[in-house]
Each structure stands twice: as C-alpha cells, then as structure tokens.
Amino acid sequence: MLLSTDALVLHSMNYLESSRILRLATREGGVRSVIAKGVRTSRKRFGNAVDLFAQGTAQLYVKPGRDLDTLSAFDVSHPRPGLALDLDRFSGASAIAELVMRCTRDASDASLFDELSQVLDDIAGAEPHDAGRVALRGAWRIVAALGVAPSLEVCSECHAPLEPDEPARFHHASGGVLCVRCARRIPGGRLLPPAARAALRAWTEGGDAPIGEPAELRAHQRLLREFLAEHLADGRPLKAFEAWEKGWSAA
Amino acid sequence: MSAIEELASELARLPGIGRKTALRLTYHLLKQSPEQARRLANSLLTLSDRVRPCTRCFNLTEEELCVICRDPRRDPRLLCVVEEASDIGAIERAGEYRGVYHVLGGRLSPLDGVGPDDLTLSALLERVREGGVQEVIMATNPSLEGEATALLVQRQLAGLPVSVTRIARGLPVGGDLEYADGVTIAQALSARRAM
C-alpha cells in the first residue's frame, strides 16, 4: 500500500553503504520506521534535505505486519536549519523528538503531528537565551497532546480541589499534585511552588509562562524527566533529555 | 551454531553485506584452498593488531603518527576537522588541500547519546593551544548534527588566536539547477560570493 502523508524526520541512522533508517512522525500513520535506500548517494528521489527535523511530504510503501516501511520519495518543504544554529535549540529539539518516539506508536494522530511541528518551529525561532524554556513549554504541550498531562488543579488521588496559590507536592506515580491529606499518606514526590505549578498549568493548556532563574529551568527539566521516566516504565534512559539537561551551550 | 552460520553472521555485520551475500561469500571461501582462507584470517588479525588512531590527529595509522602528520610538506597552519577518518580520504582524493587534519570520532547526537565528551575535542583544543595553527576548517557533514558539532567546536575555540571557517555548501559541479532541491538552492544563494 502506498501512503502519501506529511512527515517529519525524528531520527536518522546510516544503514549499510548508502541507505538510512529514519524514524518519521507522520500525520496519517503515526511514528514509523522507514528505510530510505540510496539516500546517502542518490539525490534523485530525496534531494539533499532528508535531514533531522525536516518536514515535507513522504511516500511510503507500507506492508502490513512489517516493522520497516520503504520510503520511495520525500519532498522537503520545511527544513529547520535554525535548530543547528544554537546548541540549546538543538538539544531541546532532540529531547522533543525522543519524547515523541518513546511515547507514540503507529496510530494516526493529526493533532499531535501539528503540535510537534509547531513546537519545533517555536524552538527554531527561540532566542538562544530562551531556547531551554521554549523547549520545556513544548515538551509539556506534547505531553498534553498525548493525553497524559498531569493533574494540577485537583488532587490526583482524591480529586479534592487545590488552592492555586499554595505549594503542592507533585507525585509522579499518582500523575500530578496531591492535597495535604494525601501527601501525608503517600511519601515521595517533589514540592512544587505556586509559580511552578501555574507555569505547568499554562504550558499544558497551550499557554505561556516565564521562568526566572536558570535553576528554575533545571528544576523543571528534572521534574519532566522524572515524570516521563515514571510513566514510560521501560527502564531505558532518556539520552536526549540527559544531554538537554546538561546544557551543551555551556560546554 | 555451525561454523558456516557463525562466519555468515559475522560477515553480515559488515556494511553493504546482507544475509544472502554473507552466505554466498561463506560458500565461496569454502571452495577456496585452506591456505587462502588462512591468508584472509591472518590479514584480518594483522589489521586489528596494527591499525590504531594517530596520536596527534586520530587518523588511522600503523605508526604512532599517520602518514599525513609525518609528511613535512603538509602545512601545519591549516587544520581541517572531520567527523570520521574515512572523510580524510574523500578530501585527499580532491587533491586540493595541503594542510593537516583532526578526526573528531563522530558528531553530536543527543538521541544516540553522543555528547562533547565522546569526541576528541580536548585533543583538538590542546593542538590549537600548542600554537602553529592559524585556521581551523570545519568539514563536518552538512547535516543538522554536523552543523551543531561545528558550532560546538567554534564555541570551544573562541578566545584562541585562530580563525575558524566552515566548508561551503551548494550546488554540485556538473549538476542542473533545474533539478536541484529547494534547500540546496537556498543554501547556494545565501553562500554566494563576489565574482
């Protein structure tokens, strides 16, 4: 079956002499692994631009039951060279790609595809000093688009409403904040100041919120990584997230 | 696992060789004299025993320094930084470059867990700090990861008395503008130069 769909390159790996195996986020087929035969030597079908985070129209030969589709053509309409002009943009976009690859399968999800495209555009256009925050906002938007946004206004255990201006304990396994009573009963988690909770709420609802000190960004990154690690539950490290947290721009 | 399967699965790990080709090669070797098979096995052992990275530039060599680092006719003021040792061969085939090289041993790839500490960056900085290098030419691949790697190296070299340049990108020689993709044309236009 030939599938022609909007697609975005999430990962690229050289394969044999002249081919590449790509992970594509597609509008109509979810996240798919494809082989692009001869992509490293022939410019006829793919041009020069089948690069990381490039977006365009892909034609895939899909055979039911197979893990690897064949990419027959990729017409790139929207490369994102701006992501390589700053190391925080690059590592942030890589973390977003890792999030999508680890959390989605081959089911069609047009809204997730559009959200991903917008998030990568936002990171590509972010000021270098703000790239970390923009990537963080994008990651929570993707989490929300995946339908696993944390509970931030009501207790994730007993569903009691929480005052917006009070600190709350964020418990990863429970899937959000806890009220005082449940926090006493359930150990662990991280204390979330009201401003951090408001920022999380804004980001998961598609809005925006500032971050003050660099330490706040690092605390938010850690919270997100722990939340994902808890819910992925496969024990595999989040390599791109770790690189993003390290901050290569300071290397 | 039988000896035939064992060799076939080892051969199938090589680039460009699939399972069927690996089996064909295995059966071909079985038809050869034992002496020929021994020669092949010895060559492979010698290769892995003798070949190692050059202590200065990380190119592959059988000596302490590679043939380029030993060559007194090369210009040590020009230092070309590449991702892999195999990239040196491509540049040397062009016959235009007379400087020396530095092999990074890869490129930044957060998704594959490759970071600055996995590259030979500290050795590069040491070479530049030792003096004598006037220009560092970044010849990493023209991909997003290659660009990010070039940017990282540029940042690391900032403040040192050396100019950092990037190899140009654009239309291939002998190609038709009509058939070039939009990204390549855009890059060729942005990197245009005065005639």
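This is a predicted model: local features need pLDDT of at least 70, side-chain atom pairs count only at pLDDT 80 or more; totals for chains, interfaces and linings use all residues.
1. As for who supplies the chain B side, helix H7 (144–157) and helix H8 (182–190) of chain B are the elements that give two or more residues to it. H7(B) has the largest share, with 8 residues.

2. What sort of residues does chain B bring to chain A? Sorting that side by type gives 14 nonpolar, 7 polar and 5 charged.

3. You'll also find 1 salt bridge between chain B and chain A. Look for the side chains of A:Asp86 and B:Arg155, which meet at 3.9 Å, N to O.

4. Now zoom out to the whole interface. On the chain B side, 26 residues are in contact with 31 residues of chain A. About 2,200 Å² is buried between the two chains, and carbon and sulfur atoms give 67% of that area. Within chain B, the residues losing the most area to chain A are B:Pro110, B:Leu111 and B:Leu144, which together make up 35% of what that side buries.

5. How many disulfides turn up over all chains? A search of the whole structure finds 0. Take A:Cys179: its nearest cysteine sulfur belongs to A:Cys158 and is 3.6 Å away, and a disulfide needs the two sulfurs within 2.5 Å, so A:Cys179 is in none. A:Cys179 is buried, at 13% relative accessible area.

6. B:Cys54 is in no disulfide, and the nearest cysteine sulfur, on B:Cys57, is 3.8 Å away. With a relative accessibility of 1%, B:Cys54 counts as buried.

Terms used: Residues are numbered from 1 along each chain as its sequence is written. Chains are lettered from A and ligands numbered from 1 in the order in which they are written. Side-chain values use heavy atoms; hydrogens and water are left out. Contact means heavy atoms within 4.5 Å. Buried area is the accessible area (1.4 Å probe) that two parts lose on being put together, summed over both. A salt bridge is a side-chain nitrogen of Lys or Arg within 4 Å of a carboxyl oxygen of Asp or Glu. Helices (H or I, at least four residues) and strands (E, at least two) are DSSP runs, numbered from the N terminus. Ala, Val, Leu, Ile, Met, Phe, Trp, Tyr, Cys and Pro count as nonpolar, Asp, Glu, Lys and Arg as charged, and the others, Gly among them, as polar. Buried means under 20% relative accessible area, exposed over 50%, partly exposed in between (1.4 Å probe, protein chains only).
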